[in-house]
Amino acid sequence: MTDRVRKVMSAVSLQQAAFAERVGLTPDKLSKSLSGRRRFTSLDLARIAELGRTTVDWLLTGREPQRPAFAARASSTFADSEPDSEPGLALKELVHRFTTAYDVLDLMGRSRALPDLPRPRADLEQYVDQGEALALDALTALSAREVTSVAACETSDLALALEEHFGIDVAQTDLPQGLDGAAWQTDHFRLVLLARTGVWTRQRFTLAHELGHILARDAQEMRTETHLAPGRQKDHTEVRANVFAANFLMPRAEIHAEVGPESAGSGVSDDAFRALVVRFKVSPSALAARLHQLGLVTPHDRNRLRGVTTEMCHLLAQRADLHEKRVAAAQARRLPLTPARGLYEGYLAGDTTLRPLAAYFGMDPNALHDALDPDQPTATVPAADAEKGDLIFQP
């Protein structure tokens, strides 16, 4: 480690005394640390890493930061692009923000313990059956934690539930064009990235689809997701994730509870269909396919209902306001709270600087410092007014 600290000193072209001053140490303390008579503290290492534009992990172990390996997949033309192409590089840089945060949390001993997850049934050979059973197990696990209905959760609430109960960090951010989402899991973290978009039903389905990959342990390498095409994919893991998403977002029991068993013979009315779109927060195309799968609509009605838009369903159901709220929510930026909280608590405890938290937020460290600890303005009251008492209104 001391050799790597010396490399940082050399890289920044500073003499030992000047280097010590820049990282907040006395020359004597730095000399003792370099000779092994004093241990570098975690704050020392954070400051050295910050000055050398490297990571504490590299200083301690010499290990380069984690980089995602991208899984090749038939459904994603994005994954077939060159890894150093502009979209691939942009995604790697984005993911690096998260992996750096996880590394720092791990080194500070602030990584959270990941909860156990449902697993695919070993007794089921068909991927379709595995996806359906895995969705049921996931719904049961959430129900035991008082999330009684996924359909009743807005997408932001669902993301929060997955973070809290499954240890899956969900970020909603700008992804390279054409990419709907991505998933990656290791022994230390579980991460889902969702693209900010005005098509909120696609974003919701992508979240469920990526959850299916993580529960099935498909995301040991990063999975990237372009426009999903349920029913047209040949990759069995993709089929399983799509089946999982359909059963997770539109559970059989809840669908039947809404439409009634008698609908199997008479079909679902257009008014009822629109109400179901609003209720289950899915696209008309996805709902029509699910209703046909459950034997509740004919192939003719399935094809006809697929042509309806999500917006029109909300308009005719007199819930246009709800549609607008969901569009706005899908376009908002969202970062998982747990890593941010851990980095901030580490900063308050003196275990690290603000740089890891600033990098996580994509902010300048100085700007973040000013935002967290702004200078307090001093109010001056003219002497003539001071006699009249405190100001009631201060613009």
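These legends describe close-up views of one predicted model. Residues are numbered from 1 along each chain as its sequence is written, and side-chain values use heavy atoms, with hydrogens and water left out. Because the model is predicted, local features need pLDDT of at least 70 and side-chain atom pairs count only at pLDDT 80 or more, while totals for chains, interfaces and linings use all residues.

**View 1. An open sheet of four strands.** The strand order is E1-E3-E2-E4, and the pairing is mixed. Strands (E, at least two residues) and helices (H or I, at least four) are DSSP runs, numbered from the N terminus. Two strands pair if DSSP finds at least two bridges between them. Strand E1 (169-173) and strand E4 (223-225) stand at the edges. Each has a single partner strand, so one side of each is left without a neighbour in the sheet. Neighbouring strands are turned by 15° against each other on average, direction ignored. Here axes are lines fitted to C-alpha atoms, for helices over the stretch in contact, and angles run from 0 to 180 degrees between N-to-C directions.

**View 2. Strand E2 and its partners.** Strands of a sheet pair through backbone hydrogen bonds, either parallel or antiparallel. E2 (residues 181-185) runs antiparallel to E4, and three bridges join the two. Gly-181 faces Glu-225 of E4 across this pairing. Ala-183 stands opposite Arg-223, also in E4. E2 also pairs with E3 in the antiparallel sense, over five bridges. There, Gln-185 stands opposite Arg-190 of E3. E2 and E3 form a hairpin, with four residues between them.

**View 3. The two sides of strand E2.** In a regular strand the side chains alternate between the two faces of the sheet. Gly-181, Ala-183 and Gln-185 point one way from E2. Ala-182 and Trp-184 point the other way. Buried means under 20% relative accessible area, exposed over 50%, and partly exposed in between (1.4 Å probe, protein chains only). Five of the five residues of E2 are buried, so the strand is largely enclosed by the rest of the structure.

View 4. The whole structure holds six aromatic pairs. Rings of Phe, Tyr and Trp (its six-membered ring) pair if their centres lie within 6.5 Å; planes under 30 degrees apart count as stacked, over 60 as edge-to-face and the rest as tilted. The ring centres of Tyr-102 and Phe-189 are 4.3 Å apart and their planes stand at 10°, so this pair is stacked. Tyr-102 lies in helix H6, and Phe-189 in the loop between E2 and strand E3 (190-195). The pair therefore ties together parts that are 87 residues apart in sequence. Tyr-102 is buried at 9% relative accessibility. Phe-189 is buried too, at 1%.

**View 5. Further aromatic contacts.** Phe-244 and Phe-248 have ring centres 5.3 Å apart and planes at 15°, so they are stacked. Both lie in helix H10 (residues 236-249), four residues apart, which means that about one helical turn separates them. Phe-244 and Phe-248 are both buried. Elsewhere, Phe-98, Tyr-360 and Phe-361 form one aromatic cluster.

**View 6. Salt bridges across the structure.** Side chains of opposite charge can pair when their charged atoms come close. A salt bridge is a side-chain nitrogen of Lys or Arg within 4 Å of a carboxyl oxygen of Asp or Glu. The structure holds 21 of them. One joins Arg-252 to Glu-132, with the closest N and O atoms 3.1 Å apart. Arg-252 lies in helix H11 (residues 252-259) and Glu-132 in helix H7 (residues 127-143), so the pair ties together parts 120 residues apart in sequence. Arg-252 is partly exposed at 40%, and Glu-132 is partly exposed at 30%.

**View 7. A salt bridge between two loops.** Asp-174 pairs with Arg-196, the closest N and O atoms being 2.7 Å apart. Asp-174 sits in the loop between E1 and E2, and Arg-196 in the loop between E3 and helix H9 (200-215). The bridge therefore links parts that are 22 residues apart in sequence. Asp-174 is partly exposed at 42% relative accessibility. Arg-196 is partly exposed at 29%.
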